[in-house]
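Please look over the sequence and the model before reading on.

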Amino acid sequence: MATCWQALWAYRFYLIVFFLPIFLLPLPILVPSKEAYCAYTIILMALFWCTEALPLAVTALFPLFMFPMMGIMDASEVCIEYLSDSNVLFVGGLMVAIAVEHWNLHKRIALRALLIIGVRPALLILGFMMVTAFLSMWISNTATTAMMVPIAHAVLKQLHSAKASGDLEEGRENPTFELQEQSPQKEVTKPDNTEVLPVPPAPSGPRAHLTQEQIRFTQGMSLCVCYAASIGGIATLTGTTPNLVLQGQVNSLFPENGNMVNFASWFGFAFPTMVILLLLAWLWLQVLFLGFNFRKNFGFGEEAQEKKQAAFRVIQTEHKLLGPMTFAEKAVTVFFILLVLLWFTREPGFFPGWGNLAFPNAKGESTVSDGTVAIFIGTILFIMPSNFPGLTQNPENPGELKAPPALLSWKVVNKKMPWNILLLLGGGFALAKGSEESGLSKWLGSKLTPLESVPPPAISIILCLLVAVFTECTSNVATTTLFLPILASMAQAICLHPLYVMLPCTLASSLAFMLPVATPPNAIVFSFGDLKVSDMARAGFLLNIIGVLVIALAMNSWSSSIFSLDTFPSWAHSNSTTHCLHSPANSTTAAP
């Protein structure tokens with residue numbers, strides 16, 4: 001019997017993929033309508049995403065054959081959703097991020113910032129959180145964590161010893177800083193459908209000699225990196241994928257919204273939210289792992305000064321080993337800053353941007369999008385040489401001069417670009433469009449009208465808590481993909497600004513702090529050791545609550561003026577919401 005159960009468990013994914021579609025068949029058979037067909041597709045994909053019976057990207061391809069076969073949308077209409085403007089922005093933004101990572105610019109920024117901030121225990125945690133959050137705003141939170149965790153543990157090793165190691169005194173490179181992503185042979189591959197993660201090197205030397213206080217500090221340092229990576233990603237539109245899911249679904253469901261969610265408006269809303277949440281997370285981790293002795297936490301005392309100098313030398317030595325900035329690093333920095341400036345000034349809203357002035361359409365709106373800018377800068381990186389002037393001898397033909405490689409090559413991009421996320425984004429946009437075309441969104445909205453009597457702030461907080469719990473076990477991209485179309489329909493039905501529920505739930509999908517499997521940064525930190533699931537759950541539970549409260553504060557204060565959340569917008573009207581025009585009670589539904 002035991003062997004039978006083991007065989008069934010071994011074949012569980014095959015059984016789920018085979019029997020689940022059959023189990024759900026009564027829905028489209030008994031209710032032969034487009035709404036039921038679309039619901040069948042969404043439920044099937046949601047269960048596949050939750051169980052990961054198929055790779056997430058493969059499940060995201062289901063609308064390509066299910067929607068045309070069920071008569072919901074033409075194949076040509078579905079295919080367009082897989083390369084929408086938000087997908088283009090994702091690709092272009094990641095090209096620049098890959099260039100930053102390829103030329104090691106992110107490590108230089110991290111080490112330089114830590115030298116400025118200092119290495120007192122409380123400030124060290126704050127410094128690592130600030131640096132990690134800043135880098136995570138622009139590059140992958142997984143890559144940021146994989147880089148910062150080895151640096152954190154190398155510094156901790158010196159804080160836990162009375163003097164610096166001999167390697168540092170001699171100025172040699174600290175092997176603890178070696179990043180696994182640079183060594184393909186060390187990558188951990190899994191036979192199932194989970195993502196392949198770069199695992200930092202295991203800490204050298206036994207941990208038995210560490211005191212309980214030192215172990216707790218190590219745990220706090222590890223958690224501060226992965227939490228800051230998740231928090232930092234919410235600040236920019238390209239920082240984490242759920243933000244792009246929101247932008248794409250808003251543009252798909254409400255095509256007349258006037259590009260309300262763009263890089264500048266998102267940054268104005270999300271950056272203050274990120275800063276407040278980051279500071280509160282720092283205070284919580286400091287209290288939980290360092291205690292209330294703030295004099296000791298800030299490193300006063302002779303012994304603390306000695307350890308502080310040893311740890312400072314670790315960072316200083318690694319920074320010196322990078323050498324002076326190369327031409328490639330300077331060029332990537334210039335293009336990166338140029339990209340951010342172009343994003344901010346394209347169509348800011350409160351003054352005419354360069355997109356409105358140079359490339360206007362008939363309505364005076366910019367025909368150039370954030371994705372256009374990202375692809376333009378990304379293309380330049382393939383043209384710009386990495387050294388100028390820089391001619392070298394071709395090793396294959398000594399008599400021939402060879403030009404330096406470009407700042408970015410397709411080989412590098414192809415290796416580091418997460419193409420699976422691109423398909424996952426496209427699948428989400430196809431689901432949202434299918435829900436609208438089939439009438440499922442309108443049907444859901446009609447069933448949610450009783451929520452009209454519930455105060456909007458209460459609706460927002462409840463939904464945030466629901467999404468925060470759901471995202472602990474499911475991909476945050478899949479979570480937002482499933483929830484946002486339903487929330488948009490609900491908002492239309494109760495005459496509430498759609499962004500009042502879509503924005504907070506998008507941010508809440510990044511509050512994955514409790515479990516190692518919740519997000520890749522958590523898994524990386526947990527694989528390094530020193531942490532138990534109970535440690536992460538204890539720290540992450542209250543941080544989830546804090547995150548929901550900070551989001552609620554943001555939604556009922558500065559974001560209201562940025563997105564005009566206190567009125568029901570004209571672009572959100574549908575046949576089911578015509579009563580909103582005649583209902584004065586609902587004209588300021590979202591008022592705090």
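## The chain as a whole

The model is a predicted one.

The protein chain is built with 29 helices and two strands. It has 592 residues, of which 52% count as buried. Taking contacts between residues at least 6 apart in sequence, 77% join residues at least 24 apart.

## Asn243 in helix H14

Asn243 lies in helix H14. Its relative accessible area is 0%, so Asn243 is buried. Leaving aside residues up to four places away in sequence, Asn243 touches Gly233, Ile234, Thr236, Leu237, Trp266 and Thr506.

Trp266 is 23 residues from Asn243 in sequence, and the two C-alpha atoms are 8.8 Å apart in space.

## Two helix pairs

Two packed helices are described by the angle between their axes and the distance between the axes. For helix H18 (residues 327-346) and helix H20 (residues 370-383), the axes come within 10 Å and cross at roughly 165 degrees. H18 and H20 are therefore roughly antiparallel to each other, and H18 passes H20 in a right-handed crossing. On the H18 side the contact involves Phe335, Leu338, Leu339, Leu342, Trp343 and Arg346; on the H20 side it involves Asp370, Val373, Ala374, Ile377, Ile380 and Leu381. The residues of this contact divide into 10 nonpolar, no polar and two charged.

For helix H13 (residues 212-232) and helix H27 (residues 520-527), the axes come within 8 Å, with a crossing angle of roughly 165 degrees. This makes H13 roughly antiparallel to H27, and H13 passes H27 in a right-handed crossing. H13 contributes Ser222, Leu223, Cys226 and Ala229 to the contact, while H27 contributes Pro521, Asn522 and Val525. The residues of the contact of H13 with H27 comprise five nonpolar, two polar and no charged.

## Positive phi in two loops

Most residues other than glycine have a negative phi. Glu52 has a positive phi, near 55 degrees, and is not a glycine. Where is Glu52 placed? Glu52 sits in the loop between helix H4 (34-51) and helix H5 (56-59). Its relative accessibility is 24%, so Glu52 counts as partly exposed.

Asn104, also not a glycine, has a positive phi of about 60 degrees. Asn104 is in the loop between helix H8 (85-102) and helix H9 (105-117).

Definitions and conventions:
Residues numbered from 1 in each chain as written. Predicted model: local features only at pLDDT ≥ 70, side-chain atom pairs only at ≥ 80, totals over all residues. Heavy atoms only, no water. Helix = DSSP H or I, 4+ residues; strand = E, 2+ residues; numbered from the N terminus. Buried < 20%, exposed > 50% of the residue type's maximum accessible area, 1.4 Å probe, protein only. Axes fitted to C-alpha atoms, helices over the stretch in contact; angles between N-to-C directions. Parallel < 35°, antiparallel > 145°, perpendicular 65-115°, else oblique. Left-handed = near helix turned anticlockwise from the far one by under 90°. Contact = heavy atoms within 4.5 Å. Nonpolar A, V, L, I, M, F, W, Y, C, P; charged D, E, K, R; others polar.
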